[in-house]
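Visitor: Could you walk me through this one, question by question? I'd like the geometry spelled out, with the cut-offs behind each term.

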Amino acid sequence: MSIAEKLDKMLYQVSNPVRYIGNEWNQIKKEWTNSHVKILLTFPDVYEIGMSHLGLKILYHRLNEEDKIICERTYAPWFDMEELMRREDIPLYSLETKAPASEFDIIGFSLQYEMSYTTIINMINLAGIPVYSHERSEEDPLIISGGSTVYNPEPLADFFDLFFIGEAESGLINLVNKYRKLKDKGLKRKEILFELNKLPGVYVPSLYSVDYDDKGRINSIVSKEDGVKERIKRQVITDLDNSFYPTDFIVPYMDIVHNRAVLEVLRGCTRGCRFCAAGMTYRPVRERKINTLIDMADKILQSTGYEELSLSSLSTVDYSDIERLVKIMAERYREDKISISLSSLRVDEFSVKLAKEVQKVRKTGLTFAPEAGTQRLRNVINKGVNEKDLYQAVKSAFTAGWSRIKLYYMMGLPSETDTDLEGIAKMSKKVLDMGRKLKKTKRGIKVSVSVSTFIPKPFTPFQWVEMNSQEEIIKKQDLLRKVLRGRGLQFSWNDPELSLMESILARGDRRLSGVIYQAWKQGSKFDGWNECFDFELWNKAFNDNELDYRDYLRKRDFDEILPWSHIYTGVTDEFLKKEYEKSLKGELTKDCRESHCHNGCDVCYGLGASMELVGGTNDAQG
Amino acid sequence: MMLRAKFSKLKPLRYISHLELMDTIRRALRRAQFPLAYTEGYNPHIKLSLCQPLSVGMIGLGEFFDLELDSYIEPEFFSSSLNMQVPEGIKIIEAREIGDNLKSLQAIINSAVFTINMEYNDKVDEASLIKDFMARDSIEIIRHRRKKKDRKIDLRPMIFDLKLKERNIWSFTLSVGSSGNVRPTEIIQALHKWNQSIKEVPIINITREAMYVKIKDNYFEPWEKKLSGDE
């Protein structure tokens, strides 16, 4: 029986079988021939999460634009499906043609979250491919990855044949074309990887060796052979306005996490929050023109039939001419009953005004992220928001008809004291009181306070700081639970052990490959799902590898060689150090948009890119 | 105008749920750019309604939906245009304009024909098996209900007809809807309980072939003029 036949006969046995059938509207199914390079793109989580990820959608359609490339998709099967697959000898397969993953030339994983690493190993194994790259044979596909956590790829170094560092829209095509040429010439796997490493942004970890001292600090990271570049430079797209963006998105049957048409309005963020990895690693900010966006939106809505359009980016409200963009979009699609949503709101009155413009239904609630409970700490993290901003935003939200407000904070930030945590409660309670007064009722007014645990991430000014210990996290959460009590308040927090593990992997080195492998061997997968995560398995895996996980939580020295120091994101070390020192003094750094590049992050110079603030510069219709 | 459309949900889409099917049709309708009528209010919806949900895993060959449009379009044009916008696995068979006084699908459809691909010993005499089964006075089963107590029910009066379609394929005409609903999986259970040599087959062995309005002993398609009371 073929895989397709088996699925047809057996899928009724699993939960959510629709995850595994493919055949969605706009999927691209090409006839396989020998002259095609076949690429399987995957996201190491379940379908409804993986299918919501924009980056992978862009690459899927970009790759399929090429006549000589076939790109298909797969996602991680849930426990019941994996059991069925292993029992019935169904390997990991593609949704489009139901071809075994092992028959593809290249399998590309999207790295978006550290806690998906064991799921990656599980998927490679489910494909029937050796999980360690050095064990793979000439017949096995190249296993590659990229994404937002690729800037420290080291914990995965033993599993991947190569990493792509940065935005891959154009670089990936070059990579595939070169791969084809090398393969046609009859080169061996090792030789192919050596040649591919010469491409910009391509990092073949096996060509580099890392040397540690007896305390586990890195002595050196060096290339093993001549002709292997010293450092790998992050790739960025210049002229975003003219760069590829798909308009024929796949329309899933399942109600996925982000089930709507997504318009990428801009890329990057100019705010410079010191905890935020995306804010540093997606620099510089690049916008699309309004006319380009209108044209894309028209096509996307026509080809998908979606009833909702999301104006998406790290910070959509910062778009140069956001008011006009929102107004045009809302008017243009009013008759077709298409609702417009903004992916993230700034903490200010202006954002609420925009939300008011597009959101006719006020039941979903609005979300703001003050991030910290006192002005002192907000200055430390360079979150340019004050309490007045928040209260004004909240006031206009309640007045406009919203009754539920969600507030995002972090705990465990550098220099944090109990006063800062109590500040979270103070602000949240004040928001609740405002709601009750403005609405003249207690009923239905709700403030959800989500306090996630801060995790120091590579390539941020906080990459050197110590991660809170488990005891500290628990103590702080206990305090928050005590002060955030009361009707109308709803407090949510992260599993402390999950945060610890995430921080370990985020700043981990190559020695963690063995730990990840052991954790997977003992049953770890879907670690990002609270109900699946078991810290004991990880603890054991550390012991088996004779490593102490606490060592990965420690403060790093400025002069230490960090595991990711051979990766160059464009943002200089000097800038990050300066930012860290400013944070200690509570000094703010201006938004790139206003500072005329006096901040000195050097990313534009380093990568040959520049800010593209074209949102307000053209003659829009409407 | 009101349209009533007959469609099939085939193998490639047997695993999508009722709600997913609704969303799929809604988006196809939007892509086809019909003059869709929407509900009033802050959260407008296309005025689309389907009849009894088809279980996940089952194929349906004669399903129906109702749709309201703001202006007239040729039913044949509607079918052909929509067929270009639906994924493989949905096919619009026919659409007809229906009058305002024809009741909703939910209200009038009360019977459906299911075929079940049976599994039993090859030597079984199917004809006499069917005869014996239908000769029973009552066929009791325990119905499990979500968040409610189990209930004992008699299936026999709700089985209108049972025929052998071809070797191993039995065709049941069952009562469906608010006046009495039999799930074909309950029939399978009852058969197995009654005669152990008849295996309990999975849901994918069931096809909903057609849906009718049963009046006395006559079966009507849900758009026949007789039903609207005009004649």
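Visitor: Is the crossing of α14(A) and α15(A) left-handed or right-handed?
Guide: Helices here are DSSP runs of H or I with at least four residues, strands are runs of E with at least two, and both are numbered from the N terminus. A crossing is left-handed if the near helix is turned anticlockwise from the far one by less than a right angle, and right-handed if clockwise. By that rule, the crossing of α14(A) and α15(A) is right-handed.

Visitor: What kind of model is this, and how are things numbered?
Guide: It's a predicted model, in which local features need pLDDT of at least 70, side-chain atom pairs count only at pLDDT 80 or more, and totals for chains, interfaces and linings use all residues. Residues are numbered from 1 along each chain as its sequence is written, while chains are lettered from A and ligands numbered from 1 in the order in which they are written.

Visitor: At roughly what angle do the axes of α14(A) and α15(A) cross?
Guide: Axes are lines fitted to C-alpha atoms, for helices over the stretch in contact, and angles run from 0 to 180 degrees between N-to-C directions. The axes of α14 (residues 418–439) of chain A and α15(A) come within 9 Å, and they cross at roughly 35°.

Visitor: Which residues of α15(A) meet α14(A)?
Guide: Contact means that two C-beta atoms, placed from the backbone, lie within 7 Å. On the α14(A) side you'll find Asp418(A), Leu421(A), Glu422(A), Ile424(A) and Ala425(A). Their counterparts in α15(A) are Lys476(A), Leu479(A), Leu480(A) and Val483(A).

Visitor: How many residues in that contact of α14(A) with α15(A) are charged?
Guide: Ala, Val, Leu, Ile, Met, Phe, Trp, Tyr, Cys and Pro count as nonpolar, Asp, Glu, Lys and Arg as charged, and the others, Gly among them, as polar. The contact of α14(A) with α15(A) has six nonpolar residues and no polar ones, and the charged count is three.

Visitor: What is the bridge partner of Tyr409(A) in β17(A)?
Guide: β16 (residues 404–411) and β17 (residues 446–453) of chain A pair in the parallel sense over eight bridges. Within that pairing, Tyr409(A) has as its partner Val451(A).

Visitor: Which residue in the turn between β7(A) and β8(A) has a positive phi?
Guide: β7 (residues 208–212) and β8 (residues 218–223) of chain A run antiparallel, joined by five bridges. They form a hairpin with five residues between them, and the one with a phi of about 90° is Gly216(A).

Visitor: Is Asn382(A) buried or exposed?
Guide: Asn382(A) isn't a glycine, yet its phi is positive, about 60°. It sits in the loop between α12 (375–380) and α13 (387–400) of chain A. A residue is buried if 20 or more other C-beta atoms, placed from the backbone, lie within 10 Å of its own, exposed if 12 or fewer, and partly exposed in between. Asn382(A) has 24 such neighbours, so it counts as buried.

Visitor: Where is the cis peptide bond at Pro284(A), and what is its omega?
Guide: Pro284(A) lies in the loop between α8 (277–281) and β12 (286–287) of chain A. The cis bond joins Arg283(A) and Pro284(A), with an omega of about -10°.

Visitor: Which element gives the most to the side of domain 1 of chain A that touches domain 2 of chain A?
Guide: Chain A is divided into domain 1 (3–233) and domain 2 (240–511 + 547–607), with bounds from an automatic or database domain assignment. The contact takes 38 residues from domain 1 of chain A and 42 residues from domain 2 of chain A. On the domain 1 side, the top contributor, with five residues, is α3(A).

Notes. Pairing = 2+ DSSP bridges.
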